[in-house]
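Me: I would like to learn how to read a structure, one feature at a time. Where should we begin?

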Amino acid sequence: MSFENMISEDLIFLRENFKSANDVISFLSEQLKNYSYVNEGFLVAVLERESKFPTGLYLGDINVAIPHTDIKYAKKSGIAIARLNKPVNFRRMDNPDEEINVSLVFLLSVVDPKEYVNFLSKLTASFGDSSFVKKLYLAESKEDFSKSLKESLKEKAEVSK
Amino acid sequence: MRKVKILVVCGTGIATSTVVSRKLEEKLSKEGFEVETRQCKAAEVSENLEGVDLIVSTTPISSNVNIPIIRTLAFLTGIGEDQAIEEAVKKLGGGKS
C-alpha cells in the first residue's frame, strides 16, 4: 500500500479537546471503526496495551504518541490522527514511569506488519525532524496537514533508497 | 563480516520492533556486522534469549538477563541514532577494525 493511501483526510482531526489519553484514543478508535478499519475489540485492546506498554514519544517541545495493538483487531491498514488544543498526558514508551504532554496522537491500525513497517519507519523517522513536527502542529487545515505529512514520508523514502 | 544475533523488543513485538530491526540491520552492516534479528514482546524476553548477543528494546524489560541491553527510541525517531549505534557496536565487542 502506498503512503498516499495510508493517510486519509477523513481521519485527521485538528483543534480537538480531550481530557485524557484514554479519551483521545476512544475518539480516534471510534473513527477507525466507522470507516471499517478495525473491529469491535480494537479499543479495549489498544487501551490495555497502552496501560502496560505506553507509546508516548518524547521529542522535546511537541510530543507525540503512537498507540496501536495486535494485528488481529485490524481489518485495513490506516491511521487516525488528532491534534489537541491542549496537550494530554501520555506515559513514555522508553520510560513508562514518566508522563509527558502530548499534542499529536497517531492511532495506528496495522494489518500486515511487513507492509506497515515501511510506513511506520518513515513516520517515526519524520518525528526526529523538529521542523516537520512543528509544521504539523501549525497546519491550518486538514489539507495542509496531510500534505506536509505525505511530503515528509516521501522525502524520507527517497533518502533511504 | 561478524555474525551477531540481536533480540529486538517492544510492547507488542510487532510494529515498533520491526522498524527497529530493519534500522539495526542496515546500520550495523555498515559497521561490519552480519545481523540476524529476532523480535519479541517485552513479556517474552526470557524465552527468546538463545544465541542472542545483544538486546535492543524500546521499553523497559523486567526479567533479569545476563545479555547486554540497550533501551532506546533512537532507531525509531533517529534522535541520538549515531550514539546508539556506537553503543551497540561497543556492546557487541567492536566492529570492523
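Reply: Begin with helix axes: an axis is a line fitted to C-alpha atoms, for a helix over the stretch in contact, and angles run from 0 to 180 degrees between N-to-C directions. Keep in mind that this is a predicted model.

Me: At what angle do the axes of α4(A) and α1(B) cross?

Reply: In general, two packed helices are described by the angle between their axes and the distance between the axes. Here the axes of α4(A) and α1(B) cross at roughly 75° and come within 9 Å. Angles of 65 to 115 degrees count as roughly perpendicular, so α4(A) is roughly perpendicular to α1(B).

Me: Which residues of α4(A) and α1(B) make the contact?

Reply: From α4(A) come Pro113(A), Tyr116(A), Val117(A), Leu120(A), Ser121(A) and Thr124(A). From α1(B) come Ala15(B), Thr18(B), Val19(B) and Arg22(B). By class, the contact of α4(A) with α1(B) has 6 nonpolar, 3 polar and 1 charged residues.

Me: How many residues of chain A are in contact with chain B?

Reply: The general idea is that the size of an interface is often given as the accessible area lost when the parts come together. Here we have residue counts: 23 residues of chain A are in contact with 18 residues of chain B. On the chain A side, α3 (42-52) and α4 (113-127) each supply at least two residues. The most comes from α4(A), with 8 residues. That side of chain A divides into 14 nonpolar, 5 polar and 4 charged residues.

Me: How do α2(A) and α3(A) pack?

Reply: Again, look at angle and distance. Helix α2 (residues 21-34) of chain A packs against α3(A) at an angle of about 150°, and their axes are 9 Å apart. Angles over 145 degrees count as roughly antiparallel, and α2(A) and α3(A) are therefore roughly antiparallel to each other. Their crossing is right-handed. Among the residues in the contact are Ile25(A) and Leu32(A) of α2(A), and Val46(A) and Leu47(A) of α3(A). By class, the contact of α2(A) with α3(A) has 7 nonpolar, 3 polar and 2 charged residues.

Me: In what order do the strands of the chain A sheet lie?

Reply: Read a sheet by strand order, then by pairing sense. In chain A, 5 strands form an open sheet in the order β1-β4-β5-β3-β2, with mixed pairing. The edge strands of chain A are β1 (12-16) and β2 (56-57), each pairing on one side only. β1(A) runs parallel to strand β4 (residues 78-91) of chain A, and 3 bridges join them. For one residue pair, take Phe13(A), whose bridge partner in β4(A) is Ala82(A).

Me: Which strands stand at the edges in chain B?

Reply: The open sheet of chain B has 4 strands in the order β2-β1-β3-β4, with parallel pairing. β2 (33-41) and β4 (69-71) of chain B each have a single partner strand, so one side of each is left without a neighbour in the sheet. The twist averages 25° from one strand to the next. Strand β1 (residues 2-10) of chain B pairs with β2(B) over 9 bridges, in the parallel sense. Val4(B) stands opposite Val35(B) in β2(B).

Me: Which strands of chain B does α1(B) lie across?

Reply: α1(B) lies across β1, β2 and β3 of chain B, and runs at about 170° to β2(B). Helix α3 (residues 81-91) of chain B also packs on the sheet, where it touches β3 and β4 of chain B.

Me: What is the mean pLDDT of chain B?

Reply: Where pLDDT is low, the predicted coordinates should not be read in detail. For chain B the mean pLDDT is 92, and 98% of its residues reach 70 or more. The model scores ipTM 0.81 and pTM 0.88.

Note on methods. Residues numbered from 1 in each chain as written. Chains lettered and ligands numbered in written order. Predicted model: local features only at pLDDT ≥ 70, side-chain atom pairs only at ≥ 80, totals over all residues. Pairing = 2+ DSSP bridges. Contact = placed C-beta atoms within 7 Å. Nonpolar A, V, L, I, M, F, W, Y, C, P; charged D, E, K, R; others polar. pLDDT = per-residue confidence, 0-100. Parallel < 35°, antiparallel > 145°, perpendicular 65-115°, else oblique. Left-handed = near helix turned anticlockwise from the far one by under 90°.
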